[in-house]
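Please consider the briefing below alongside the sequence and the coordinates.

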Amino acid sequence: MIIKKPDDIKTSEITDPDLYASRRTFMRTLAAGSVALATTPLIGIDEVEASDKIPKVHKSIYTLKEALTEKKFIYGHNNFYEFGTAKGDPVKYAKNLKTRPWTVRVEGEIKKAVSYDFDDLIRMHRLEERIYRLRCVEAWSMVIPWVGIPLRDIIKRLQPTSRAKYVEFTTLYDPKQMPGQRPGIFGGSLPWPYVEALRLDEAMHPLTILAVGIYGEFMPPQNGAPIRLVVPWKYGFKSIKSIVKIRFTSTQPRTTWNQAAPREYGFYANVNPDVAHPRWSQARERRIASGSWYEALLRAKRKTLPFNGYAGQVAHLYTRMDLKKFF
Ligand code: MTE
């Protein structure tokens with residue numbers, strides 16, 4: 001039997017675009033034989049389960065040897081305000097987010113603007129597993145085995161101009177799919193779409209990735225499918241989810257949380273135990289790792305490390321800056 005890997009199936013070969021709500025649903029439907037494919041042989045059930053695994057993932061040297069947080073917490077305790085403000089909302093309401101086809105538009109101060117189809121983007125780049133701490137500004141942390149593309153690999157191909165100083169990222173704006181973006185429903189919590197940004201040298205740092213998966217599997221919607229930023233030395237809110245646009249700029253972009261509450265959320269957002277949030281200390285954090293929900297929440301707090309433990313790799317980026325001012 002000729003088995004066509006899911007990655008080789010072109011969008012144009014599928015007759016009903018509504019059927020690819022998510023890769024998972026798409027693959028299941030495909031296995032059940034209910035999608036009319038013009039030329040593609042059907043994939044067997046075994047291959048379908050295997051296809052949720054991301055192929056060709058390399059081990060990375062930039063990885064921690066710490067106990068991993070269990071999937072149930074990574075996939076069930078989220079911040080994704082487009083789907084509600086409670087930690088349990090995204091897993092319930094992001095389920096049907098349509099992540100195929102997905103286009104990432106790249107523009108601004110680069111040689112030539114380009115739109116990437118998500119599947120092409122991952123085929124073109126080296127995928128690596130990176131085990132990183134994620135430290136949320138709300139003082140909990142997790143250890144997550146991401147699968148991602150080093151952002152610098154993408155940037156190098158794009159050839160930023162000499163005017164490019166910052167990189168801005170934008171999340172999908174689609175109130176039909178994202179109830180949190182509708183006025184009034186979840187309180188119109190933030191100005192939409194969600195925008196985040198890095199300085200170009202931060203974006204080019206080898207630790208910065210665009211993540212496409214967790215635990216070797218494609219990213220679940222609630223974690224920011226199909227592609228999100230991960231910057232391990234910064235508070236979690238910099239790690240913007242479900243990215244549709246990347247723009248290179250000469251001036252510092254306005255970012256969502258910084259705009260919504262500038263005294264509480266700075267542009268830099270480097271994890272810093274010495275700079276308290278106006279309403280709580282940032283000196284310690286609760287590691288959500290494993291066990292029952294109850295145990296996880298009770299777990300003893302540990303000290304938060306400067307730059308989330310990555311000072312050796314990134315402190316040099318900020319040598320001449322007052323990090324209390326540029327928090
Ligand atoms: N991206 C978008 N588009 N919307 C959001 O609400 N929340 C941020 C960040 N990215 C958020 C987002 C915050 S506050 C955190 S802590 C991380 O996502 C959480 O990522 P996780 O749910 O995968 O743990």
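A charge is said to sit over a ring if NZ of Lys or CZ of Arg is within 6 Å of the ring centre and within 35 degrees of the ring normal. The structure is a predicted model, in which local features need pLDDT of at least 70 and side-chain atom pairs count only at pLDDT 80 or more, while totals for chains, interfaces and linings use all residues. Residues are numbered from 1 along each chain as its sequence is written, and side-chain values use heavy atoms, with hydrogens and water left out.

**Charges over rings**

- Lys 71 lies over the face of Tyr 215, at 5.7 Å from the ring centre.
- Arg 100 places its charged end over the ring of Phe 218, 5.7 Å from the centre of that ring.

**Aromatic pairs**

- Rings of Phe, Tyr and Trp (its six-membered ring) pair if their centres lie within 6.5 Å; planes under 30 degrees apart count as stacked, over 60 as edge-to-face and the rest as tilted.
- There are ten aromatic pairs in the structure. One of them joins Phe 237 and Tyr 265 edge-to-face, at 5.4 Å centre to centre and with 75° between the planes.
- This pair links distant parts of the chain, 28 residues apart: Phe 237 is in the loop between strand S10 (228-230) and strand S11 (243-249), and Tyr 265 is in the loop between helix H8 (256-260) and strand S12 (284-287). Helices (H or I, at least four residues) and strands (E, at least two) are DSSP runs, numbered from the N terminus.
- Buried means under 20% relative accessible area, exposed over 50%, and partly exposed in between (1.4 Å probe, protein chains only). Phe 237 counts as buried because its relative accessibility is 10%, and Tyr 265 counts as buried because its value is 8%.
- Phe 307 and Tyr 318 have ring centres 5.6 Å apart and planes at 15°, so this pair is stacked. Phe 307 lies in the loop between strand S13 (301-303) and helix H10 (311-314) and Tyr 318 in the segment after H10, so the pair ties together parts eleven residues apart in sequence.
- Both Phe 307 and Tyr 318 are buried. They also belong to a cluster linked by ring pairs, together with Tyr 166, Phe 267, Tyr 268 and Phe 326.

**Strand pairing**

- Two strands pair if DSSP finds at least two bridges between them.
- Strands S2 (residues 103-108) and S3 (residues 114-117) pair in the antiparallel sense over four bridges, and they form a hairpin with five residues between them. Val 104 has Tyr 116 in S3 as its bridge partner.
- S12 runs parallel to strand S5 (residues 140-150), to which two bridges join it; Trp 140 stands opposite Arg 286 in S12.
- S12 also pairs with S13, in the antiparallel sense and over three bridges. Here Arg 286 stands opposite Lys 301 in S13.

**A buried loop residue**

- Thr 208 is found in the loop between helix H7 (200-203) and strand S8 (209-214). Thr 208 is buried, with a relative accessible area of 0%.
- Beyond neighbours within four places in sequence, the residues in contact with Thr 208 include Ile 149, Leu 198, Leu 229 and Trp 233, where contact means heavy atoms within 4.5 Å.

**Model confidence**

- The protein chain has a mean pLDDT of 85, and 83% of its residues reach 70 or more; pLDDT is the predictor's confidence in each residue, from 0 to 100.
- Residues 1-50 have pLDDT below 50, and this stretch has 73 contacts in the model beyond near neighbours in sequence. Where pLDDT is low, the predicted coordinates should not be read in detail.
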